Amino acid sequence: MLQRNQKIKNLQTNSCDRSSSFDLRKIGLNPNFWYPLAQSKELKKEKPHQVSFGGEPIVLVRTKSNQIFALEDRCAHRQIPLSMGVVCGEKITCTYHGWQYDQTGKIAKVSYLPKNCSLPKGVKSYPCKEAYNHIFVFPGKVELAETVPFPEIKNWSNNEYKTMYFSRRVNCHYSFMKENLMDMNHQFLHRKFMGKVKPTIIENSQGENWVEAKYKFSGEPHPSANLVLAAGRKEDSSSEDLDFDIMTIRTEYPYQTLKVCPPNSENPLLNLWVVYIPVDQEQKINHSFGMLMIRKPKIPGLINLLWPLMRYFTQVIFTEDKLAVETEQKAYDIQGEDRNQEVFPLILDVRELLYKKGVSLFPKIK
């Protein structure tokens, strides 16, 4: 108890003395990690799919034999997007002059060249994997792909949970999204659907590449908010547990997780894994990919009956958050700088982590 109180005291001490000496909105997401760039259902056989990471266009391909690969989305000839082309067997052919590329980005064929002519240089290929019903790409240095751990998403394959998928475009820098999820002090924004709840941070910790916070909520939650959590409770849960659920939110660069557990339990009622992919070169637009694993109720089939309500509830909360972070981005664009006067030490920790692990956008801006 003394140790926990000291942690809380440390979190609250000198909050007014800390400030950021850097502009986080000019820091790009580090490309040397595995990122989902599309949901599996979006990538049809022999139908090229265009995506991007930080303004770099990438084409995803699923071949007739169900092999997937990712290439730079520019033909080496005239820079026409390969995503406009045609998938022929295990290769992709540019729609303009018919230059054909294999899965490594090498040019396999230029139909109008004599057979004894050497072929031009091809295009960049990206390591990619299909997992968790998503297509993951490693957009950074190819030689690092095998050394960087692939994300582990807990409870995704657990039969006791059902997964809700998210894929949404948001017009703001990815850092606004990360700050929003970590800072539960913005619940007033959700007062209509969350009810009168008050978050209290009870513990925080950090490491080389992560920041974590634990919250407890008190007050009068809205019935719909209670329902999302109560649905996953088992027969050993008491009604009074609702006041003591612990929410743990973790930014483990570059991903974020959120879980809600009953007291004295590590078996979450829900588990969220989310990442925000920068779309444009200045990274003022991101695509949010998320998976929310919700624990199934004891009654068989009840989760399916409650699913539309749960989906509606999460959509409403996200819509309110989206409005807030996009408005923050607009203010930044108008002011031309970050004038946020952040006083919450936890968010200052997160900002420092994102700055330390990120990359400067200055070399890319012309």
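Visitor: Is Phe-150 buried, partly exposed or exposed, and how do I read that?

Guide: Start with the relative accessible area, and keep in mind that this is a predicted model. Buried means under 20% and exposed means over 50%, with partly exposed in between. Phe-150 has 25% relative accessibility, so the residue counts as partly exposed.

Visitor: Which ring pairs with the ring of Phe-150, and in what arrangement?

Guide: Here is the general idea: a pair of aromatic rings is described by the distance of the centres and the angle of the planes. A search of the whole structure finds 13 aromatic pairs. In one of them, the ring centres of Trp-34 and Phe-150 are 5.5 Å apart and the planes stand at 65°, so this pair is edge-to-face. Trp-34 sits in the loop between strand E1 (27–28) and strand E2 (35–39), while Phe-150 sits in the loop between strand E12 (134–137) and strand E13 (161–170), so the pair ties together parts that are 116 residues apart in sequence.

Visitor: Is Trp-34 buried or exposed?

Guide: Trp-34 is buried, as its relative accessible area is 2%. Trp-34 and Phe-150 also belong to a cluster linked by ring pairs, with Phe-33, Tyr-35, Phe-53 and Trp-273 among the other members.

Visitor: Where does a charged end sit over a ring?

Guide: Look at Lys-162: its charged end sits over the ring of Trp-307, 4.5 Å from the centre. You can find another case at Arg-250, whose charged end lies over the ring of Trp-210, 4.1 Å from the centre of that ring.

Visitor: Now salt bridges, please. How many are there?

Guide: The general idea is that side chains of opposite charge can pair when their charged atoms come close. The count for this structure comes to 16 salt bridges. One of them joins Glu-72 and Arg-74, with 2.9 Å from N to O. Arg-74 is partly exposed, at 24% relative accessibility. Another joins Glu-337 to Arg-339, where the closest N and O atoms are 3.0 Å apart; Glu-337 is partly exposed, at 39%.

Visitor: Which residues are linked in a network of salt bridges?

Guide: Those are Arg-25, Glu-179, Asp-338 and Arg-351.

Visitor: Let's turn to strands. How does strand E17 pair with strand E16?

Guide: Strand E16 (residues 246–252) pairs with E17 in the antiparallel sense over seven bridges. A hairpin of two residues joins E16 to E17, and Ile-246 stands opposite Cys-261 in E17. E17 also pairs with strand E18 (residues 270–278), again antiparallel, over five bridges; there, Gln-256 stands opposite Val-274 in E18.

Visitor: How many residues of strand E17 are buried?

Guide: Five of the seven residues in E17 (residues 255–261) are buried, so the strand is mostly covered.

Visitor: Which residues form a nonpolar patch on the surface?

Guide: Tyr-112, Leu-113 and Leu-119 form this patch, and together they have about 260 Å² of accessible area. Leu-119 lies in the loop between strand E9 (107–109) and strand E10 (125–126). Leu-119 is partly exposed, with a relative accessible area of 38%.

Terms used: Residues are numbered from 1 along each chain as its sequence is written. This is a predicted model: local features need pLDDT of at least 70, side-chain atom pairs count only at pLDDT 80 or more; totals for chains, interfaces and linings use all residues. Side-chain values use heavy atoms; hydrogens and water are left out. A salt bridge is a side-chain nitrogen of Lys or Arg within 4 Å of a carboxyl oxygen of Asp or Glu. Buried means under 20% relative accessible area, exposed over 50%, partly exposed in between (1.4 Å probe, protein chains only). Rings of Phe, Tyr and Trp (its six-membered ring) pair if their centres lie within 6.5 Å; planes under 30 degrees apart count as stacked, over 60 as edge-to-face and the rest as tilted. Helices (H or I, at least four residues) and strands (E, at least two) are DSSP runs, numbered from the N terminus. A charge sits over a ring if NZ of Lys or CZ of Arg is within 6 Å of the ring centre and within 35 degrees of the ring normal. Patches are made of residues with over 30% relative accessible area and no salt bridge: like charges are joined within 9 Å, nonpolar side chains (Val, Leu, Ile, Met, Phe, Trp, Tyr) within 5 Å. Accessible areas come from the Shrake-Rupley method with a 1.4 Å probe; for residues, only the protein chains shown count as cover. Two strands pair if DSSP finds at least two bridges between them.
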